Amino acid sequence: MQDLSGKNIVVTGAASGIGASMVSVAALRGASVFCLDVDEDSGEAVAQLHGATFYHCDVSNQESWQKVAHDLNAKIDGIDHLHLNAGIQSAPPSAPLEEYSFAAMTLERYRNMIGVNIDGVVLGLMNLLPMMKDGGSIVVTGSMAGIVPYDVDPLYSMTKHAV
């Protein structure tokens, strides 16, 4: 198990799923972990459970990223590992399967998904890349939906192809 003591790790989509698991593993290995998410309650809970720091961040919003970058820059001397993990599908997880079809897509849901899945990566890089330490690493979470056909949610698949 790699020792991450003294390393600064930033994770988006940290309130649940892969992001929360990344926070757990990094914290267990001694890293200072910074959890970014729009879900304040779950994000704070994950951060508190693992001794991490939570920042509210709407990854689709430039001003939100600028605030996070400013706050991080004042708190740490750089980022060792950046995990741009935030991602959503075209319908909420509790929605019935037919809500994921192209015919059910609304412009608002489409723009929200593009904002999180694609803009979230680009804006994250724009704002945090200058803080990356030499030799640092960047991981962007994709999906099998970006590699193989995923007819349940073709627009989600499109965004993961882009990633």
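Mentor: L155 is found in helix α5, which covers residues 154-162. Please bear in mind that this is a predicted model.

Trainee: Is L155 buried or exposed?

Mentor: L155 is buried, because its relative accessible area is 12% and buried means under 20%.

Trainee: Let us turn to aromatics. How many aromatic pairs does the structure hold?

Mentor: The structure holds 2 aromatic pairs. One of them joins Y150 and Y156, whose ring centres are 6.0 Å apart and whose planes stand at 65 degrees.

Trainee: Why is the pair of Y150 and Y156 edge-to-face?

Mentor: The planes of Y150 and Y156 are at 65 degrees, and an angle over 60 counts as edge-to-face. In general, a pair of aromatic rings is described by the distance of the centres and the angle of the planes.

Trainee: Now charges. How many salt bridges are there?

Mentor: The count comes to 4 salt bridges. Among them is the contact between the side chains of D71 and K67, at 2.9 Å from N to O.

Trainee: Where do D71 and K67 sit relative to each other?

Mentor: Both belong to helix α3, residues 62-75. They are 4 residues apart, so about one helical turn separates them. K67 is exposed, with a relative accessible area of 53%, while D71 is partly exposed at 23%.

Trainee: What about K133 and D80?

Mentor: Their side chains also meet in a salt bridge, with an N to O distance of 3.4 Å. K133 lies in strand β5 (residues 132-140) and D80 in strand β4 (residues 79-84), so this pair ties together parts that are 53 residues apart in sequence.

Trainee: How do K133 and D80 compare in accessibility: buried or partly exposed?

Mentor: D80 is buried, at 7% relative accessibility, and K133 is partly exposed, at 25%.

Trainee: Which residue does R109 pair with?

Mentor: R109 forms a salt bridge with E99, at 2.9 Å from N to O. R109 is in helix α4 (residues 107-128) and E99 is in the loop between β4 and α4, so parts 10 residues apart in sequence are tied together. E99 is partly exposed, at 28% relative accessibility.

Trainee: Where is I138 found?

Mentor: I138 is found in strand β5, the strand that also contains K133. I138 is partly exposed, with a relative accessible area of 36%.

Notes. Residues numbered from 1 in each chain as written. Predicted model: local features only at pLDDT ≥ 70, side-chain atom pairs only at ≥ 80, totals over all residues. Heavy atoms only, no water. Phe/Tyr/Trp six-rings, centres within 6.5 Å; stacked < 30°, edge-to-face > 60°. Helix = DSSP H or I, 4+ residues; strand = E, 2+ residues; numbered from the N terminus. Buried < 20%, exposed > 50% of the residue type's maximum accessible area, 1.4 Å probe, protein only.
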